[in-house]
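Here is a short tour of one protein model, meant to be read with the coordinates open beside it. Please have a look at the fold first, and then follow along.

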Amino acid sequence: MTVVGNNLYAVGGFDDSLPLDSVEIYNPGGEWKFVASMTISRGGVGAASMGGHVWAVGGHNGSQYLNSVECYSPLTNQWQMVSSMGTPRAGAGVASCLCDVEIIRKAQDSLSVTHVKEEGEKEGEQEINGAPL
């Protein structure tokens, strides 16, 4: 579940043993209603909101774990597939961000992760922009 504006979104899940592609919103007037379904069924999906959109991350389609991510626009009532994760997963912890996704992209682009193992360095030591992790 996640919130966009004043609406609570229930995204995917399971109906007994079958994964769901359905999405419902609960509005301040106390009503539940269906909106556009996701492009694929997702049980154990991680859901979050960012940039005025609902994001569905991973899940399980009944036969395999998913690495796909899709994004819902309340303005157009449409889901769109976006970049996939490197690892399929269900039950992923995701969090909402009260910012625009472009801010995160720009910050991510400005970071450079480097790792050169020096003699005597412990396994797994890394730096970001010259600062140890």
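Which residue forms a salt bridge with Glu70? The partner is Arg42, and the closest N and O atoms of the two are 2.8 Å apart. A salt bridge here is a side-chain nitrogen of Lys or Arg within 4 Å of a carboxyl oxygen of Asp or Glu. Glu70 belongs to strand E9, while Arg42 sits in the loop between E6 and strand E7 (46–50), so the pair ties together parts that are 28 residues apart in sequence. A search of the whole structure finds one salt bridge. Glu70 counts as buried because its relative accessibility is 0%, and Arg42 counts as buried at 0% as well. Buried means under 20% relative accessible area, exposed over 50%, and partly exposed in between, with a 1.4 Å probe and protein chains only.

Before going further, a word on the model itself. This is a predicted model in which local features need pLDDT of at least 70 and side-chain atom pairs count only at pLDDT 80 or more, whereas totals for chains, interfaces and linings use all residues. Residues are numbered from 1 along each chain as its sequence is written, and side-chain values use heavy atoms, with hydrogens and water left out.

The mean pLDDT (the predictor's confidence in each residue, from 0 to 100) of the protein chain is 84, and 80% of its residues reach 70 or more.

| Stretch | pLDDT | Contacts beyond four places in sequence |
|---|---|---|
| Residues 113–118 | under 50 | eight contacts |
| Residues 125–129 | under 50 | 17 contacts |

Now to the strands, which are DSSP runs (E, at least two residues) numbered from the N terminus. Two of them pair if DSSP finds at least two bridges between them. An open sheet is formed by four strands in the order E1-E2-E5-E6, with antiparallel pairing. Strand E1 (2–4) and strand E6 (32–35) stand at the edges with a single partner strand each, so one side of each is left without a neighbour in the sheet. On average, neighbouring strands of this sheet are turned by 35° against each other, direction ignored, with axes fitted to C-alpha atoms. E1 and strand E2 (residues 7–11) run antiparallel and are joined by three bridges; Val4 stands opposite Asn7 in E2.

Cys71 stands opposite Gln80 in E10. The hairpin of E9 and E10 has four residues between the strands, and Asn77 takes a positive phi near 55° there.

Methods
Contact = heavy atoms within 4.5 Å. Axes fitted to C-alpha atoms, helices over the stretch in contact; angles between N-to-C directions.
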